[in-house]
Amino acid sequence: MTAFSLEPAQLAWCAELRALAAERLRPLADKGEPGRVNRALLAELGALGLLPRLFTSGALDLCLMRESLAHACTEAETALALQGLGAHPVHAHGTEAQRARWLPRVSDGTAVAAFALSEPDAGSDAAALSLAAEPDAERADTEAPGPTAPAALTADRDGPSRWRLTGEKCWISNAPEADFYTVFARTTPDAGARGVTAFLVPADRPGLTGTPLDMLSPHPIGALAFDAVPVTADDVLGEADRGFRVAMGTLNLFRPSVGAFAVGMAQAALDATLTHTTARTAFGGRLRDLQTVAHQTAEMALRTEAARLMVYAAATAYDEGAPDVPRRSAMAKLLATETAQYVVDRAVQLHGARALRRGHLLEHLYREVRAPRVYEGASEVQRGIIAKELYRTLDATTEEAGT
C-alpha cells in the first residue's frame, strides 16, 4: 500500500465540513430531543449532499466526513453514520426494487435506517444470535395484500420463500423510530455464522414493536421485539444463510470510520485544551508553561495523530481491496477509540471542575466518547480479530513454505 497523505482538495473539504457542522448542523442538533431521532438534522444532512455520499464515497471519504463532523457536532456525525450503517447492506446487497424504494429516501433524510444485529445475549458474539426465522409454509387465504404486506412468493428449490421472525434485538441505534431495519436472523439452527440471513424489514410490519432505552450518551437507541413478523424472499439481503457476510462486510467498512469519529472527538478535546491552557493562569503563569501540562498536551497530540494515521491507512486499504482489511479495520477502531477516551479524559483533568458542568464541550465529549469502545465490536473483540488474523496469516505462510 502506498504511503498516505491527504491532498489539498481533501484538506479543504474537511475544513468546509467542520464549518458546515458548526454553522448549520450544530443549531439543529441543539434543538433536538436527547435520545430521539432528529429528523430535521437528517433533512439538513441530505440537503447538504452528505447523506448521498454514503453510497458514492469510498472508506477514506467516509472517514473524512465522520472525523470532520465529529469535531464540531457529534450528533450530526452520529446521524450520518447510522444512516450509512443501516442502509449500506441495502446498497451493497439489495435488489433493484429494495434499492429503488429505500436509498433515495435515506439520501434525502426522509427515511431513517437501522442496523439490527445485537441481541440481549448476543452482543459481541454476533454469530450466536438467536432471533429465529422460522419457515412459514402456509399462507392464509384470508391474508389480504396491502402496502405493508410482504410479497407473495411460491417456495423455490433452495428452501423456504416465507419466514416468521420471532425473538428480540437490543442496543439498536435509531430504534424504535427507524423506518426500516436491516435485521439479521437465524434461518438454520445450530449453524453458527453460516445459518444467518439478512432481511430488510420495514418498521410497519405486523408483529414488530420497539422500546427506547435511556443511555449515557444521548443517542436514539432501543430494543425491538419480533412476534412472528412476516418476511419473504423479496426481503432477503444477499443470500439466505449468508447474512453473516453481509454483517461483517458492513462492519469492515464502518469500523475504521468509527475510529474517525473518535479521532474527531479527540481533536476537539485537544483543541479546547490548547486554548484553555493558553488562557488560564495558575501558579504565577500560564498553564501551558508548566512542564507537566505541556508534556500532557504533547502526549494527547501524539496519540491523536497516530490514531488518525492508522484510521486513514485502514480506510485506504479497504478502498484498494487489500487482503488484510479485517485486521486493519479492527486495529484502527481499537486504537482510535481507546485513544479518544484517553485524550478526552486528560482534557477534562487539565480543565478542572469547569469541564464537569452540564453544557461544557468536554462534559458532552466525555459522555459521547465511552460508547465507541463498545459498539460495532468491543475493544476486546477487536483484539480477538487482530490475533485471529495474525495467526491465520502465519499458518498460511507456514503451509505455503512447507509445500
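A residue counts as buried when its relative accessible area is under 20%. In this predicted model, serine 107 has a relative accessibility of 14% and therefore counts as buried. Serine 107 belongs to helix α5, which covers residues 96-108. Leaving aside residues up to four places away in sequence, serine 107 touches Gly46, Leu51, Pro52 and Phe55.

UniProt, in an unreviewed entry, lists residues 9-109 as "domain: Acyl-CoA dehydrogenase/oxidase N-terminal". The chain over residues 9-109 is 78% helix and 0% strand, with its end C-alpha atoms 27 Å apart.

The largest nonpolar core holds 100 residues, and those touching the most other members are Leu45, Leu165, Tyr181, Phe184 and Phe199. Helix α6 (residues 243-279) contributes the most to this core, namely 14 residues. In soluble globular proteins, nonpolar side chains tend to be buried together.

Helix α4 provides the largest share of the lining, 4 residues.

Helix α7 (residues 291-319) has 29 residues and spans 42 Å from its first C-alpha to its last, close to the 42 Å expected at 1.5 Å a residue. Glycine 321, which follows α7, has a positive phi near 70°.

Conventions:
Residues numbered from 1 in each chain as written. Predicted model: local features only at pLDDT ≥ 70, side-chain atom pairs only at ≥ 80, totals over all residues. Heavy atoms only, no water. Core = buried A, V, L, I, M, F, W, Y, C linked by side-chain atoms within 4.5 Å. Buried < 20%, exposed > 50% of the residue type's maximum accessible area, 1.4 Å probe, protein only. Helix = DSSP H or I, 4+ residues; strand = E, 2+ residues; numbered from the N terminus. Contact = heavy atoms within 4.5 Å. Expected span 1.5 Å × (residues − 1). UniProt positions renumbered as here; feature names shortened; annotations may be inferred.
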